[in-house]
Amino acid sequence: MKTLIQFLIYLLIAVVVIVLGIILGDAASWYFAWLVGTVMIVLISAAGGALLDTQEEEKNKAG
Amino acid sequence: MINDTVVELSRWQFAATALYHFLFVPLTLGLSFMLAAMETVYVTTGKKIYRDMTMFWGKLFLINFALGVATGLTMEFEFGTNWSFYSSFVGDIFGAPLAIEGLMAFFMESTFVGLMAFGWQRLSKGQHLIVTYLVALGSNLSALWILVANGFMQDPQGASFNPVTMRMELTNFAALIFSHDAQAKFVHTSIAGYVTAAIFVAGISAWYMLRGKHIELAKRSFRMAALFGVLATAGVITLGDALGFVGGNAQPSKLAAMEAMWQTEPAPAPFNVAAWPSQSEQRNTWALQIPYVLTPLLTHTLTKEVPGIQEIEAQAAQRIKNGIPAVEALKVLSSDPTNAQALAQFKAHEKDLGYGFLVKRYAANQDVSLATDADIAKAAKDTIPEVAAIFWTFRIMVALGLIMLAYFILAVIYTLRNNVQNQRWFLKIAPWMIPVPFLACETGWLVAELGRQPWTVYEMLPTWMSASSHSVGYMVFSLTGFVLLYSVFIAVEMYLMVKFIRQGPDEHPHAPAQPQTGSGGAYAPAGVMMKREEN
Amino acid sequence: MEAYLILKVLWWLLLGVLLMGLAIMVGMDMGVGTLLRYVGRTDTERRVALNIIGPHWDGNQVWFILGGGAIFAAFPLIYGTAFSGLYVVMLLLLWSMIVRPLGFEYRSKLPSAGWRNAWDWTLFISGFLPMVIYGAAIGNMFRGVPFHFSWDMTSYYTGSFISLFNPFAILTGLLSLSLSIYMGGAMLMGRSEGALYERARSAVAFGGGVAVVLFTIGGVWVANMQGYQIVTAPDPGTAQTPLQQTVTLADGAWLGNFRSHAILWLVPALGYAGMVLGVLAARTHKPTLAWWLGALAWIGVIGTAGTALFPFMMPSSSNPSQSLTVWNSISSELTLSWMTGWAIVFVPLILWYTSWAFYVMRGKVKGEAVEADDHAY
């Protein structure tokens, strides 16, 4: 049941994002690009930081 | 009667205060999102080092932020104090984004920045993370509305002149905020801020690594900044091209000046890599050209003609002649708003009203009906902005952008191999890269705003008419005041920045949860203090 | 046309709300700045005072920025005319305000006593001066300001800088200052203890007491002053410029609205009630109540000024017929409609998260805690 609710919530978010994307993509394509781009830049940068921790741990294990 | 010296001084004052304000804004735009990224890692992995990072860079963020807020106040005042005709002429449209900026963005940014600095002990991890994101979002939304307003000056969409109220009025709000110029400009500027922050963080981190200080913090900061920066730089360049394309369609005179194109050349036209433009002779003394490149670069086609400066000037002369009756009709309508004949005359010439205003400056008694052909020729010449200045500032901006891209690609390569700390030559260069994005941002502003001349609102309102009718003495007084105050400000800010960068992050290896920025401690009630120690 | 009339009045009211918000929130922070050297005798006490408003001053300042933005967007002609006409005063206001963020942020970053002392003076000036100018600007609207327009609506200001500091404007400036001292004191009382609390409490009594006296003198003065009256003008609900009306001066005209609608006397009564009861609340150690009563006092005082002037906003003393009113200086119907939409969405949101921020930071600020944390203001 909990999984189902979570699934539905995520589905809803996905639908909202897609609809927003279609609307914004039409009238405000560059604003939309900013939104997507910023989220991407922040997440990739954050993931890069986390990856460094993994690399360090591996190096410590190896050495 | 407006004094030319006063207009000149008002322009200098506005440019100086805007460029100065723009020294602090880009870092705020970018660093706020970098803080959010760092804190995201802290909240998801729970590793304390990321909290130290957020706090340390947050402290530098706040030193910069204070000056951004302070100098931003000046900008809000200056439209009214120095550009009063402009303000009442387009306030109906231009004021709205500024007011919405306050409502939607600035309130959010400023309220939450207090909680970001002071709320470390008072908020849960998740709450604090949301607060940090809201600060970042708020500051960038703030930029959004300012650039919507600026987009209107560059390409006035969604408005028309109302002869009853003698000003421009809003006709279509959606056209105003979704103007392509505003959109491309916002994304270009906001992401330029990301690049600025990335170079700032990377440069300082490299400086630490070079000295073997704060290595763990520096390595992680550098990694995040490099990735943040490389993506952002790519984005800035893409959007720069888009802005050139959009702006080129809207403002042919700016485009022609940026490329120093005096004559319309058959497509595909050659591209001037470097040139020495002479405004008086209307030609390039010398030019280094690449054939065929200009047309695809600017129009994204091979066949579309790009109009040259001489052609634009000739068209302007025609439009000035056509605009004169519009101004004459307006004068009648001003005292007799229902005069049908004047209204019909106005309607017939409405689209060239701005050009009619342009010649008012040279006509005897500033009465356009007395304008001679020589006056019209002078006004037509005015429609061409300063070619050499725009051509070169544009090239400097582009060159700096490409240098930053190369720098970040190298940075990413080194950091992903996790051996940037051993590339000493690169670490030595990195701190020297810090001024580069600031310079690029300033030149970008210059290209955009010098290229808009002689208009404050493109083809609608000339700059010379927009200024307030002050005396020279007033202008000297205000300019002196700004120079004195702003010199002290920058000295104090740089001093504190350098001091806190040298001091580096506080490291508490045995008490990792100590607060390092803000004054959360000052607020922590006993219960919270206890909890902090349990951490 | 009716819709436009309603929007015009609505935005006049909204501007009033913003000016009240500005006076209450920014005035409070500026009151703390004015009082800083009085309530804080030691460095620690001063830091406590600063940290009490530390998390909030920046958000509060947006009331000021939004006030400016709203005048620009909703009353562009007033924004352009007033800001350029009062050039030197506006610059003094601006310069004293822009040193304030630095005062907060930089003051305690260095331990040097000279450095901190210099910033304390800066904070004093940036608390004291803007409030006097704010009040004096409103006072000058009663007297009228010498400006006129040419046919194309270029505004020309013909007065001198010094004439803006006439006795009545100084009186209203001091009234504004005393209310800001009151509010700063009330805020400090709520979050401090000991000597600081006691000094803040006496500041509330002083500010409130002076405000009652000045408000009374001001009222008598206004009753006997020449006011402005519209003789002929286009219909209020139509689009118009100030070039199409005639205006005369008449003794006691500023009380016209009160005479025709006696219920409006409640507005100044509200101001009095706020000031008097507020001082009593402070005396009986109820800082929160005193704060809210102070806010009420501001609402009453600014409401009184607005009611007296309505529909005038910025009368011209040199060419009264070109006086700026709600009807002839406001934005277009479309702009006002859009702005109303944005305000309906965002104003409640702003009030909600501002209250949340105050809630998060509730409680007393302690000297030892500020000293122990070398990153506090």
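How much area is buried between domain 1 of chain B and domain 2 of chain B? The area is about 2900 Å², and carbon and sulfur atoms give 67% of it. Buried area is the accessible area (1.4 Å probe) that two parts lose on being put together, summed over both.

The model is predicted; local features need pLDDT of at least 70, side-chain atom pairs count only at pLDDT 80 or more, and totals for chains, interfaces and linings use all residues. Residues are numbered from 1 along each chain as its sequence is written, chains are lettered from A and ligands numbered from 1 in the order in which they are written, and side-chain values use heavy atoms, with hydrogens and water left out.

Confidence comes next. The pLDDT is the predictor's confidence in each residue, from 0 to 100. Chain B has a mean pLDDT of 87, and 94% of its residues reach 70 or more. Among the elements of chain B, helix 2 (residues 25-45) has the highest mean, 94. Helix 21 (residues 526-534) of chain B has the lowest, 36. Helices are DSSP runs (H or I, at least four residues), numbered from the N terminus. Over residues 509-535 of chain B the pLDDT is below 50. Beyond near neighbours in sequence, this stretch still has 61 contacts in the model (heavy atoms within 4.5 Å). Where pLDDT is low, the predicted coordinates should not be read in detail.

Chain B is divided into domain 1 (4-251 + 386-520) and domain 2 (255-385). These bounds come from an automatic or database domain assignment. The domain centres, taken over C-alpha atoms, are 32 Å apart. In domain 1 of chain B, 30 residues are in contact with 39 residues of domain 2 of chain B. B:Val387, B:Phe391 and B:Trp464 supply 22% of the area that domain 1 buries against domain 2, more than any other three residues.

B:Arg395 and B:Glu259 meet in a salt bridge, 2.8 Å from N to O. On the domain 1 side, helix 8, helix 15, helix 17 (435-450) and helix 18 (463-466) of chain B each give two or more residues. The largest share, 7 residues, comes from helix 15 of chain B.

Chain B also touches chain A. The contact takes 35 residues from chain B and 23 residues from chain A. Together they bury about 2600 Å², 68% of it on carbon and sulfur atoms. B:Gln183, B:Arg223 and B:Leu231 lose the most area in chain B, together 20% of what that side buries. Chains B and A share 3 salt bridges. In one, B:Lys219 pairs with A:Glu56, the closest N and O atoms being 2.9 Å apart. Helix 8 of chain B gives the largest share of the chain B side, 11 residues.

Among the 2 pairs of chains that touch, chains B and C have the most contacts. No contact joins chain A and chain C, whose closest C-alpha atoms lie 19 Å apart.

Technical notes: A salt bridge is a side-chain nitrogen of Lys or Arg within 4 Å of a carboxyl oxygen of Asp or Glu.
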